[in-house]
Amino acid sequence: MSFLSFPYHEPRLGFWGEKTSTLNFCEEDYVMSYYCAEVCNTLTNLLFVWLGYKGLRGCIKYSHPPIFPVTFVGYVVVGLGSTFFHASLKYPMQLVDELAMIYTTCFMCFATFSYGRTAWFSSGLGASLIGLAWFITARYYKTKDPQFHQDAYTVLTAVVVFSNFYVMEKLVRPGLRRREEDRKGKSSIQPTTNEAMKQVWTMVATGLIIFLGGYFIWNLDNVYCNTIRKWRHRMGLPWAVVLEGHAWWHLMTGLGAYFYIVWRIWIHRCLDGDEDKFRLYWPSVFSMPEVIAIEDTPGQSSDKKRQ
């Protein structure tokens, strides 16, 4: 297949000059383009921009709680920061990328723990999260320790995910079941509690598998970088791009993070008792989930006519 491929350029000093970032990845610098340090790691961030726009548009259209459009804006900033970071390998862009991850996860913490609380509690929680974000920012800026950033992001994400596991089973399921009992004997096009919960748990499991799969691939990329680089050069371009592990991390964590923002939107709507107005629309594992109005669900109008 050598006649169908072409070789990498030798690593060189590119358009953006010397790198100032504290991190570098297994994708070699400026070997595909003089103007972009890491082409694959740069382009894969466009997924964040597209999904962030999709999520933000849905939040505005369906008037989802204000914390979610803010979260999707943070999600887009992560993608844009990472785009400029991998294109230039400049430290300020690295900070935009990595700190936006922390701030966006703090937004999700606020969405999770402020629900149903008093204004005083929510204000205190918001102030505490701002203080936590400031502490992480200051410490990371001072130490430039990537392990600290990774640990902080992991802990925040785990807190959000496991807290919502609890909310799903202790609050959402009983509430859905109680309202399902109230509807007995009435005409209804609502899915049963078990059907709704099965769909959401399947979505959550899919998102987690994708997210953790991306983390696993990125770690393989780090551990076996020298070997993988040799394989890439043997394969040549464009085929070798499938071995860019950090690019796969972008794609898979972008998908996983989008799934879990949509998950929390659905939880909010169910806690509000609005499952008769909104539905999780996720027709297959090859589509992007979204929480939409019942009347916008494909096939819903014909279902109503039959009712």
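What share of the contacts in the protein chain with a separation of 6 or more comes from residues 24 or more positions apart? The figure is 68%, where a contact means heavy atoms within 4.5 Å. This is a predicted model, in which local features need pLDDT of at least 70 and side-chain atom pairs count only at pLDDT 80 or more, while totals for chains, interfaces and linings use all residues. Residues are numbered from 1 along each chain as its sequence is written, and side-chain values use heavy atoms, with hydrogens and water left out.

**Overall build**

- The protein chain has ten helices and two strands, taken as DSSP runs numbered from the N terminus (helices H or I, at least four residues; strands E, at least two).
- Read from the N terminus, the order is α-α-α-α-α-α-α-α-α-β-β-α.
- Along the principal axes, the C-alpha atoms fill a box of roughly 70 × 50 × 30 Å.
- Of the 307 residues, 50% are buried, that is, under 20% relative accessible area with a 1.4 Å probe, protein chains only.

**The largest pocket**

- A pocket here is an open set of points on a 1 Å grid over the protein atoms alone, with protein on both sides within 12 Å along at least five of seven lines; lining residues have an atom within 4 Å of a point.
- The largest pocket has a volume of about 1,100 Å³, a volume being the space filled by probe spheres set on the points, which are joined across faces, edges and corners.
- Its lining counts 49 residues, with Met 101, Tyr 153, Phe 211, Trp 249 and Thr 253 closest to the centre.
- α6 (146-183) is among the helices that supply at least two lining residues, and α6 gives the most, twelve.
- The lining of the largest pocket has 27 nonpolar residues (Ala, Val, Leu, Ile, Met, Phe, Trp, Tyr, Cys and Pro), three charged (Asp, Glu, Lys and Arg) and 19 polar (the others, Gly among them).

**Enclosed spaces**

- A search of the whole structure finds two cavities of 30 Å³ or more, a cavity being a set of points where a 1.4 Å probe fits but cannot get out.
- The largest cavity holds about 160 Å³ of space, and nearest its centre lie Gln 190, Pro 191, Ala 196, Trp 266 and Glu 275.
- In the lining of the largest cavity, α6 has the largest share, four residues.
- The second largest cavity holds about 80 Å³, and Gly 55, Gly 58, Tyr 258, Glu 290 and Val 291 are the closest of its 13 lining residues to the centre.
- For the second largest cavity, α2 gives the most to the lining, with four residues.
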